[in-house]
Amino acid sequence: MDTVTRGQTAVATSRSKRKSAVTPSWHQSVSKRAHQSGRAPQPRVAQALALLCGAGFGTVIALALSVEGRAALASPGGWAQAIGRVSAFTGSYLLLVMVVLIARLPWLERTVGQDKLVRWHRKVAPYAVSLISLHVLSVILGYSQMLKTNVFHMLWSFWVNYPDMLAASVGYVLLLMAAFTSIRIARAKMKYETWWVVHLYTYLGLGLAFMHQIRTGVMFIGHEHTIQFWTTLWVGAGASILLLRVGVPLVRNQQYQLRVASVTEEVPNVYSLTVSGKNIKKMAVSGGQFFQWRFMSRDLWWHSHPYSLSALPRPPFLRVTVKGLGDQSSAVAKLRPGTRVFVEGPYGVFTHHAAEMKDVTLIAAGVGITPIRAMLEDLPSSVNINVLIRATRAEDIVHADEMKSLVASRNGRYHEIVGPRDEVNLDDATLEDLVPNIRHNDMFVCGPAGFTDAIVASARRLGVPHEHVHHESFTF
Ligand SMILES: Cc1cc2nc3c(=O)[nH]c(=O)nc-3n(C[C@H](O)[C@H](O)[C@H](O)COP(=O)(O)OP(=O)(O)OC[C@H]3O[C@@H](n4cnc5c(N)ncnc54)[C@H](O)[C@@H]3O)c2cc1C
């Protein structure tokens, strides 16, 4: 093992146990896999789903255009109403695509990864909301032109005379609220939980919109196929959310019966949480993956947060390592043994499945070390390992001893790059120095956003192919 310490000299890490129970030693790698291996990505299924999504969009446009006729377009307000109809259908379709993207479809999750799916969900959002807004405006305008009345009177008339229109308007307002609170500046000022609750109301908004679409849409009246097509879409999207985000987690947690076993302080403000449960052997998870964790204590039961496993499961135990950054992560330190734990997952594509090369470099900083530590146990023994840990002080490195012994057991290389930022840097020259064949490595990077971005940029400059640079982001 080759330990490079730059800047400040490494000193013995102080660790103290806060609470303890009979929990396993996490220092040694599992000699024989004691749980099911995480499932491999399924790019073909993901591609088929993408094709299906494109075909669905084509069908939506074809169905929308099929009912438009010259006479209707030529009548007063005809064009505005036609624009309203086409934008309604394309906008609704995009909303349903957004729902499916965050429904945690297993084939998409394990192929694309949750962070990318959430990014796509966000990218589609402005188009969906703009199309729905265009629908609202052009339908009010079109009908007011047709009935020769002003737009405010028309809006009032919609609310009192058309079934489900008032409910749809409430749905639209809920949609706008979700859109507004997701704008970067607004979101930055808001607690994650507040944003989440507002977002939850969008599902109610979608439900309210569905009935008005089916019952008042001109294209549905007398068009049985259109009704069937759209009902299938809405029911499919709703069922996937309910099944995968509520049903499956409920069943799995009933099987796992997880409870806090112990909480251990690793370094100041970073705690390892060991939970024990049943049927952990059947849990298919890869090193590097994360779960959404919900701790069923009085203050924490109502919100869940993502944490990566910091070691492969040792049935009946799982472990995560959490840095206290805000309300929930800081409260982890005070969890009592026996507290029920509810998990959703595993999620993420930051796993050995992404590695293609024989040489793998794992780079971590801060609490980003957690998925890297778990991945160390999961990479095939044929792979040559190089580990680079960046820290301001050696005593801040979480799980340093475990990392060292795991790397040593694989005859890998372990480097600590330690020192203040203005003196020590993991720059292009240092990277090339520590990993001379870096172009032929798979790189796995996890750490604070600025650190990860800098390493990814260095990797590009050093000629590491894009597809060999893998990184996990700790913020969605
Ligand atoms: C895939 C992934 C894996 C992670 N693994 C670990 C880990 O192993 N160890 C660790 O210490 N931290 C990990 N994190 C970060 C951890 O989830 C946040 O630090 C934690 O949720 C903060 O919550 P809080 O209430 O304490 O702080 P808050 O003050 O509420 O939030 C601090 C920041 O954390 C982010 N955040 C808060 N809640 C969530 C949420 N439910 N989902 C996504 N982001 C959220 C927000 O961007 C927010 O700005 C991971 C994050 C992600 C996305």
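Trainee: What makes the backbone nitrogen of M357 a polar contact for the side chain of D442?

Mentor: In this predicted model, the backbone nitrogen of M357 lies 2.7 Å from a polar atom of the D442 side chain. The cut-off for a polar contact is 3.5 Å between N or O atoms. The value of 2.7 Å is within 3.5 Å, so the pair counts.

Trainee: What else does the side chain of D442 reach?

Mentor: The side chain of D442 reaches the backbone nitrogen of E356, at 2.4 Å. That is within 3.5 Å, so this pair counts too. D442 itself sits in strand β10, residues 441–446.

Trainee: How do you know that D442 has no salt bridge?

Mentor: Look for a side chain of opposite charge. The nearest to D442 is K358, 11 Å away. A salt bridge needs a side-chain nitrogen of Lys or Arg within 4 Å of a carboxyl oxygen. K358 is not within 4 Å, so D442 is left without a salt bridge, although D442 is buried.

Trainee: Why is R104 called buried?

Mentor: The relative accessibility of R104 is 9%. Buried means under 20%, so R104 qualifies. R104 lies in the loop between α3 (78–101) and α4 (106–112).

Trainee: What makes the backbone of R104 stand out?

Mentor: R104 has a positive phi of about 65°, although it is not a glycine. Most residues other than glycine have a negative phi.

Trainee: How do you know that R104 and E344 form a salt bridge?

Mentor: Their side chains meet at 3.7 Å, N to O. The limit is 4 Å, so the pair counts. The pair links distant parts of the chain, 240 residues apart: E344 in strand β6, R104 in the loop between α3 and α4. E344 is buried, as is R104. The structure holds 12 salt bridges.

Trainee: Why is N269 called partly exposed?

Mentor: The relative accessible area of N269 is 36%. N269 is in the loop between β1 (258–267) and β2 (270–276). N269 is not a glycine, yet has a positive phi of about 70°.

Trainee: What makes E432 and R439 a salt bridge?

Mentor: Their closest N and O atoms are 3.0 Å apart. That is within 4 Å, so it is a salt bridge. E432, at 31% relative accessibility, counts as partly exposed. R439, at 35%, also counts as partly exposed.

Trainee: How far apart are the closest N and O atoms of R393 and E395?

Mentor: They are 3.5 Å apart. The limit is 4 Å, so R393 and E395 form a salt bridge. R393 is partly exposed, with a relative accessible area of 35%.

Trainee: Which residues are linked in a network of salt bridges?

Mentor: The network links R314, R319, R373, E377 and E402.

Trainee: How do you know that the peptide bond from P315 to P316 is cis?

Mentor: Its omega is near 10°. P316 lies in the loop between β4 and β5. The bond from G345 to P346 is cis as well, with omega near 5°. P346 lies in strand β6, residues 340–347. Most peptide bonds are trans.

Terms used. Residues are numbered from 1 along each chain as its sequence is written. This is a predicted model: local features need pLDDT of at least 70, side-chain atom pairs count only at pLDDT 80 or more; totals for chains, interfaces and linings use all residues. Side-chain values use heavy atoms; hydrogens and water are left out. Helices (H or I, at least four residues) and strands (E, at least two) are DSSP runs, numbered from the N terminus. Buried means under 20% relative accessible area, exposed over 50%, partly exposed in between (1.4 Å probe, protein chains only). Lys and Arg count as positive and Asp and Glu as negative; His and the chain ends are not counted. A polar contact is a pair of N or O atoms within 3.5 Å; within protein, one must be able to donate a hydrogen and the other to accept it, and residues adjacent in sequence count only if both atoms are side-chain atoms.
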